[in-house]
Amino acid sequence: MKHPSAVTACNLDLENLITDSNRSIATLAITTLLKTGSESSVDRLMKQISSFVSEISDEFKVVVVQAISALCQKYPRKHSVMMNFLSNMLRDDGGFEYKRAIVDCIISIIEENPESKETGLAHLCEFIEDCEHTVLATKILHLLGKEGPRTPSPSKYIRFIFNRVVLESEAVRAAAVSALAKFGAQNDDLLPSVLVLMQRCMMDSDDEVRDRATFYMNVLQQKQKALNAAYIFNGLSVSVPGLEKSLHQYTLDPSEKPFDMKSVPLATTPIAEQKTEITPVATSKLPEKFTPSRQDIYQEQLAAIPEFQGLGPLFKSSEPVQLTEAETEYVVRCIKHTFSRHMVFQFDCTNTLNDQLLQKVVVQMEPSEAYEVLHYIPAANLPYSQPGSCYSLIRLPEEDPTAVSCTFSCTMKYLVRDCDPNTGEPDDDGYDDEYVLEDLEVTVADHIQKVLKPNFAAAWEEVGDSFEKEETFALASVRTLDEAVGNIISFLGMQPCERSDKVPENKNSHILFLAGVFRGGHDVLVRSRLALADGVTMQVTVRSSDETPVDVILASVG
């Protein structure tokens, strides 16, 4: 619901519809009141709806669950009431969409309210004991593997997980093995028991389950935190189509060198932590093949241009940046493509004048720092209303690798040929002209790709302190911790981990965890301790597998 205040005026009429004999109308009335009413009315409405929820169809039950999900975000303190109601609904009969909506809602409550974690996990454990839906069982097992080891008594979840290995289908058994491995990696006292269970799993009839068990068994027996972090907690964060393509390329061109994972593009959208918003889903099948990401498409387009063939894998592509006002005669936007030692600026230009044909269109760039313009690739023709692209190739500074930020002044230069607006026929002669564009900024965020580390502490240990540096900064103009957290995330362009982007209410201090990869394939992690006084004081600790990213981040923040 986008405008609850507009509907609040109808609340009295909606109250009268709660007891309507048509259960569908009563359901819609109650779910609307749940979204628009006050916190004090929640208990009464929940009691009212629980009296007839078993009589309505699955479709309307999903509507109820969505209303509860919205309510949990609005009134976090009511999560215990909601959780009990949802757990009762989970026990009822119902189809896949209905059960999935409930599971998603419970997961979102666990993620938003840490104090509800154990209750929520207990309800989900009970549900998978008798769950006929493979997708939901594997999703819950993944959550148990992620959250269970960090609860005060992790051992109580082992029984529920191992029961799945004994009783379920192959996909669920494989997910259970992965969840067990996380318990063994996180909790030293549980490791011997987990290794015994893994040995049993190595006798499984399914090869995927056996392979996982054998792999995790060997990793866990090493008892090394770095190995656990790399192979159990924080898996590969690469683009799957990109990995397939790179491996294929490697087989076509045999080499003495081992395959380098840094040559594989990263997954552009991190496998995000659960979204709290539940959307009604039609009964559509998941696509069989991976659809290529936006970055995979750009990689292919740029590789087809001869001048860009020696640049290596594309590291990151920015969102489009508008360089003109919306209503001007030429519309130009820029996409910044970052490679390990170069940047390619793709200018998408549109000519909105029907009496002109533009030819040999280039955008000349003047850098403010030590960036060097190597090459311009013009758009040959730009007819009326037909977009075209021209490119600029820039070399990144090599003497001072920390000089990552730069401002470019941009001018579009082209040959104009007037033409007949009706036929589009251009004149024989043309004249040179130019058009000044907005300045283009390159910031530290253009050199860092977001990567989600589900277990930040393990990743922190894995990277180690060989290149650790720490500095303290004062953010005088920032008044709240929320504002400080938002500013840091958007400035560095890194991925918040462990839900640390959410600042608890009424707190004067907070720790923000950020993860990313610096161009060239170097992991970089930031731990930022924030304290609120007159302004916000920030102690930033940076770790990386290379010294340059550490210096870049501290120099940028400073």
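What share of the contacts in the chain with a separation of 6 or more comes from residues 24 or more positions apart? Such residues account for 64% of those contacts, where contact means heavy atoms within 4.5 Å.

The model is predicted, so that local features need pLDDT of at least 70 and side-chain atom pairs count only at pLDDT 80 or more, whereas totals for chains, interfaces and linings use all residues. Residues are numbered from 1 along each chain as its sequence is written, and side-chain values use heavy atoms, with hydrogens and water left out.

Some values for the whole chain follow.

| Property | Value |
|---|---|
| Helices and strands of the chain | 19 helices and 17 strands |
| Box filled by the C-alpha atoms, along the principal axes | roughly 80 × 65 × 55 Å |
| Accessible surface of the chain | about 28,000 Å² |

Helices (H or I, at least four residues) and strands (E, at least two) are DSSP runs, and accessible areas come from the Shrake-Rupley method with a 1.4 Å probe. Carbon and sulfur atoms hold 50% of the accessible surface, and 47% of the 558 residues count as buried, that is, under 20% relative accessible area with a 1.4 Å probe.

Arg-164 belongs to helix H10, which spans residues 158-167, and is buried, with a relative accessible area of 0%. Its side chain makes a polar contact (a pair of N or O atoms within 3.5 Å, one able to donate a hydrogen and the other to accept it) with the side chain of Glu-129 at 2.8 Å. Leaving aside residues up to four places away in sequence, Arg-164 touches Ile-128, Glu-129, Leu-141, Val-172, Arg-173 and Ala-176.

Note on methods
Buried < 20%, exposed > 50% of the residue type's maximum accessible area, 1.4 Å probe, protein only.
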